[in-house]
Protein chains: 2
Amino acid sequence: MSGTDYRKELICEGPVVILVEPQLGENIGMVARAMANFGLFELRLVNPRDGWPNERANAAASNADHVIDATLVYDDLPGAIADLQYVIATTARQRDMLKDVLNPTEASSILRRAHNENTRTGILFGRERWGLHNDEIALADVMVTFPVNPAFASLNIAQAVLLMSYEWMKSGQAELNQSAFRAPDSEVAGKGDLQSFFDHLEGALEEAKYYYPEARRERMTNNLRSIFTHAGLKELELQTLHGVVAALERRWLEKQNKKSK
Amino acid sequence: MSGTDYRKELICEGPVVILVEPQLGENIGMVARAMANFGLFELRLVNPRDGWPNERANAAASNADHVIDATLVYDDLPGAIADLQYVIATTARQRDMLKDVLNPTEASSILRRAHNENTRTGILFGRERWGLHNDEIALADVMVTFPVNPAFASLNIAQAVLLMSYEWMKSGQAELNQSAFRAPDSEVAGKGDLQSFFDHLEGALEEAKYYYPEARRERMTNNLRSIFTHAGLKELELQTLHGVVAALERRWLEKQNKKSK
């Protein structure tokens, strides 16, 4: 799925990602990669089991070196979030705490608004097996949870970071419905051009004695026009269809001409 | 992040996920797991490099056995989508094709609406390194791409499946996509039927020497398939188009027959 454009400037902004006591270097590397994919870059580790730096993390990061190289390590969570102003804790389980639980879209929208107001934000992710402890969640402003299959909820930490990073990126797009690129510009064909195509096609079909029985002519015509109308044909596509009909006609005309010579 | 509740019923519904020539068993397993997390369950593989079943896939699937056990293998893409009615192709790159490009939210909204109308849908994912070929994308109704950091776009296949599966799950929770249920008058044509029409049309065009110059054949074929794919053709409409091509062909065949008598 690689579509990296090295001429583009690397996006580096947004919430800090904080992993609390991560165990596997591979996961840390995958987290760095997921962050880079969606423009995040500040990674902090609280007490990583295998220390830091970590060769396995580098290998799994798939060239997200700018994230790996800038990663900071802390002894405890309070130290890791000391300079932040708004912190969200991710959780997969219901917690018996009086704290709002958001979905990732809502959480990202809040993070984006805070970002635009120069508020320093962060997202907490817990241990691979156990997530965050309640006393850690207590340090966060709100919780976020993912809308997973209740009977199969096995998001790993890199996947959770991927989803939050993706939602962060989406929250920054001017419109909800914007994609990274659009189909090449070709105008949708005008109704006049479409009518010209109908004339061409129907003329060819007339010659070919397609309209039989005569009583069904109107219905057949409407059905056919319907097909090419709901297709939202572009101008270039209409030219292609003209070519198709012309090719099928030409074959016949050539035979006619040969005969008359 | 595990929060699995084994008392809950497993959600199993939604679009088929089709991996075209996947290479690594680990990736297939991670795909199965991502699908299961968000309630998808039908996985199809086109020509997997290391065959099937695959031990590494099982290991990486993290108990998504219901997905792994039901996985089907196909020799080619047309076979893998023959029973589907609406197919979306994922891509990381701009393609020079006249086909709509959606973001994952838009795509999931369409898939959800189709699902509610009992339309059989699928999502195509390409090879780890190269994605989908243009002739494969030509078989899809629309393209979807992910809003990634342009200077660091290295989503792997399991991550791409995760994001689409997540958006699928979200689309079922949002009430945004509610529309009055309306049974279609005629079923949307299956991809297998569409392929039969391509065979018919392309055969006729071959006879008519439409594909000239030879170097443009592939491009001409993809453009033409694209036109009839994004039209959302119904079964009855496909019959109409068969009739059109047959009529234009017949005219020529009749002349041939008269000549040979």
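1. In this predicted model, helix α8(B) is followed by B:Lys209, a residue whose phi is positive, near 55°. The helix itself, residues 191–207 of chain B, should span 24 Å at 1.5 Å a residue for its 17 residues, and because its end C-alpha atoms are 24 Å apart, the two values agree. Its buried residues include B:Leu194, B:Phe197, B:Phe198, B:Leu201 and B:Leu205, but also B:Lys191, B:Gln195 and B:Glu202.

2. Strand β4 (residues 86–90) of chain B is largely enclosed by the rest of the structure, because 5 of its 5 residues are buried. B:Tyr86, B:Ile88 and B:Thr90 point one way from the strand, whereas B:Val87 and B:Ala89 point the other way. β4(B) pairs in the parallel sense with β6(B) (residues 121–125) over 4 bridges, and B:Val87 stands opposite B:Gly122 there. It also pairs in the parallel sense with β7(B) (residues 142–144), over 3 bridges, where B:Val144 is the bridge partner of B:Thr90.

3. The largest nonpolar core holds 80 residues, and A:Leu19 and B:Leu19 have the most contacts inside it.

4. On confidence, chain A averages a pLDDT of 85, with 84% of the residues scoring at least 70. For the complex, the predictor gives an ipTM of 0.75 and a pTM of 0.79.

Methods. Residues numbered from 1 in each chain as written. Chains lettered and ligands numbered in written order. Predicted model: local features only at pLDDT ≥ 70, side-chain atom pairs only at ≥ 80, totals over all residues. Heavy atoms only, no water. Core = buried A, V, L, I, M, F, W, Y, C linked by side-chain atoms within 4.5 Å. Buried < 20%, exposed > 50% of the residue type's maximum accessible area, 1.4 Å probe, protein only. pLDDT = per-residue confidence, 0-100. Helix = DSSP H or I, 4+ residues; strand = E, 2+ residues; numbered from the N terminus. Expected span 1.5 Å × (residues − 1). Pairing = 2+ DSSP bridges.
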